[in-house]
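Visitor: Hi, I'm new to this one. Could you walk me through it?
Guide: Happy to, let's bring it up.

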Amino acid sequence: MSSKDPMLQARLDTFINFKVRHPRLEEMDQDLMRRISGHRRYTILAVFGATGVGKSTVMQRVAEKLRAEEPDPLVMPVVVIHANQEDVGASARLDYYRQILKQLQGHVAVRDRVKNLPLFTNPERKSRDPAEWLEMREAVQYALALLRVKVVFVDEAQHLMYVDTPHKPTAQLDWLKTFTEQTNVLHVLVGNFDLYDCCHLNAQAARRMRDLPFARYHLDNATECAEFATALRTFLEEVPLEVDVDGLLSHWRWFGEWSLGCIGVLSDWLVETVDDLCKRGETTLTIEALERHALQPDQRARMEIEARTGERKVELGKTKGEEELKRLLGNPAPLPGTPPPDQSANGASDVSTSPKPDGRQGLKTPIERAATRDLIGDQVKTAKTPKCSFLGLVEIEAKRFLESGVKLVECPNCASTRSLYPRNGVLRFPSHDQRKTTTPNSGQRWARIDSDWDVVGG
C-alpha cells in the first residue's frame with residue numbers, strides 16, 4: 001500500500017480529522033451550550049484541565065454549532081481567539097482587542113471604525129496614550145454589540161491572565177471582569193489549571209466567574225475505564241490500515257496509561273503512528289509501531305505530574321473551602337431534603353440545646369440561688385471537652401488504600417483510629433475527641449510515619 005494511492009490518502013485525511021465522540025466531550029459540549037444560551041449573571045467561565053484532555057476540541061465544536069444554528073447572516077454569534085504566551089498585562093489586552101476586531105472587520109461599519117485606529121492598523125505600534133487605548137476598547141465594544149456576539153472563546157487563556165510588574169495578579173482579572181460586564185458578552189477562558197487560581201483570587205471573582213473542570217479518564221474507576229475503552233475501539237475501527245481491533249483493545253490499560261487518560265493525547269498518538277506507517281508503505285497497525293511513536297517516559301512523567309498537581313489543587317481547594325465554611329458558620333445548614341449531619345462526627349458542639357439538670361439540681365427549691373448559673377457551669381464543662389486538632393484530608397491515594405484491604409486509619413496527633421472509606425476518591429478523617437489513653441495501637445492500620453502514610457502493625 002502506498003501513500004500516493006489517492007484512496008488511501010483520502011482515508012488517511014479522514015482519519016487525521018476524525019474526532020471521536022466520547023462521554024467527557026459530550027458532557028462538556030452540552031454544559032457549555034446550556035450556559036451560553038441560558039440566563040446568567042456571571043460573565044466569565046473558566047474551562048480548565050490537563051493538556052490533551054479535549055478542551056480546544058470542545059471549544060471548536062461549540063463554536064461551529066453556534067454558527068450553524070444562527071439563522072441571521074448578519075449576526076456573528078461567536079468569536080474564537082488565541083492568547084499569545086509572549087504577551088502579558090497591557091500587551092495581552094492590546095492583542096485581545098486586535099484579534100477580535102480582525103475577526104469582526106468583515107462588517108463594513110466595523111471596518112470603517114478601525115481603519116483610522118493607529119493601534120489596530122500598526123501591529124508593531126506601542127502607545128501609552130490613553131486616548132488611543134480608549135478608542136480600541138470602544139471599537140471592540142461597538143463591534144461586539146453590532147454583530148450581537150454571544151460568546152468569546154479565549155484559547156490558552158492562562159496567558160491572557162498573566163500580569164507584568166509591578167501590577168498585582170488581580171489586574172488582568174479586574175480589567176476583563178469590567179469589560180465583560182459592560183458588554184454582557186460571556187467570555188469562556190479555556191486553558192490549563194492556572195485558570196483555577198484566577199477563579200479564586202477574591203470575592204468579586206467568585207461572584208462574576210464560574211469554573212468548569214474538564215476531567216480526564218481515570219483508570220481506577222470502572223465506569224471511566226469502560227468509557228475510555230469504547231473511545232479507543234472507535235478510533236481503532238477508523239484506522240485506514242489492517243487492525244486487529246480486539247487484540248489491541250485487550251491492551252486498553254496500556255493505551256490509557258500511555259495517553260494519561262486524555263483522548264486528545266490518544267488521538268495525536270494514533271494519528272502520528274498511522275501517518276508514518278502509510279508513508280512507509282506498511283499495511284498493519286502494530287504495538288511495535290505504536291510504541292515507537294508514544295510519548296517518552298520523561299514527557300509522560302511531566303504531564304502526569306502536572307495533571308495530578310492540578311487535580312489535587314482543585315480537590316484541596318474544595319475541601320479547604322468546606323472546612324473554612326464550617327469554621328465560619330459553625331454548623332452550615334444541610335441541603336434541603338437531606339438528614340442533618342451527625343454532630344459527633346463533624347466535631348460541632350450543639351450550642352442550641354442546654355444540658356439537662358442532673359438529679360441534685362432537680363431537688364433544688366425555688367429560693368435557692370440561680371439555677372441557671374449552675375446550668376452554665378455544667379455547659380462550660382461540656383464545651384471544654386478536648387478535641388484533637390487533626391481532621392480533614394488524609395493524603396493516601398484511593399486506589400492504594402482500597403487495594404491494601406485495610407480500612408482502619410490512625411490519627412497522627414492522638415493515635416485515635418477510625419474506619420474510613422474514600423468518597424469521590426478522597427479520604428477524610430472526621431473530627432474527634434482527643435484520645436486519653438496512652439496505650440499504643442497494635443492492630444493493622446494506616447499510620448503516618450514522618451510525612452508518608454503506610455500500613456503498620458498486625
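Guide: We'll talk about salt bridges, then turn to a pair of strands.

Guide: A note before we start: this is a predicted model, where local features need pLDDT of at least 70 and side-chain atom pairs count only at pLDDT 80 or more, while totals for chains, interfaces and linings use all residues. Residues are numbered from 1 along each chain as its sequence is written, and side-chain values use heavy atoms, leaving out hydrogens and water.

Visitor: Thanks! How many salt bridges are there?
Guide: The count comes to 25, where a salt bridge is a side-chain nitrogen of Lys or Arg within 4 Å of a carboxyl oxygen of Asp or Glu.

Visitor: Show me one. Which residue does Lys-313 meet in a salt bridge?
Guide: Its partner is Asp-197, with 3.2 Å from N to O. Lys-313 sits in helix H16 (residues 297-329) and Asp-197 in helix H9 (residues 194-199), so this pair ties together parts that are 116 residues apart in sequence. Helices here are DSSP runs of H or I with at least four residues, and strands are runs of E with at least two, numbered from the N terminus.

Visitor: Is Lys-313 buried, partly exposed or exposed?
Guide: Lys-313 is partly exposed, at 26% relative accessibility, and Asp-197 is partly exposed too, at 36%. Buried means under 20% relative accessible area, exposed means over 50%, and partly exposed is in between (1.4 Å probe, protein chains only).

Visitor: What does Arg-308 form a salt bridge with?
Guide: That would be Glu-397, with the closest N and O atoms 3.7 Å apart. Arg-308 lies in H16, and Glu-397 is in the loop between strand S6 (392-394) and helix H20 (398-404), so the pair ties together parts 89 residues apart in sequence.

Visitor: And Arg-400, which residue is its partner?
Guide: Arg-400 bridges to Asp-454, the closest N and O atoms being 3.5 Å apart. Here H20 holds Arg-400 and strand S11 (residues 452-456) holds Asp-454, so parts 54 residues apart in sequence are tied together. Elsewhere, salt bridges with shared partners join Arg-21, Glu-26, Asp-29, Arg-61 and Lys-65 into one network.

Visitor: Switching topic: why is strand S2 largely enclosed?
Guide: In S2 (residues 78-82), 4 of the 5 residues are buried, so the rest of the structure largely encloses this strand.

Visitor: In which sense does S2 pair with strand S3?
Guide: S2 and S3 (residues 151-155) pair in the parallel sense over 5 bridges; strands pair if DSSP finds at least two bridges between them. Val-80, for instance, has Phe-153 of S3 as its bridge partner.
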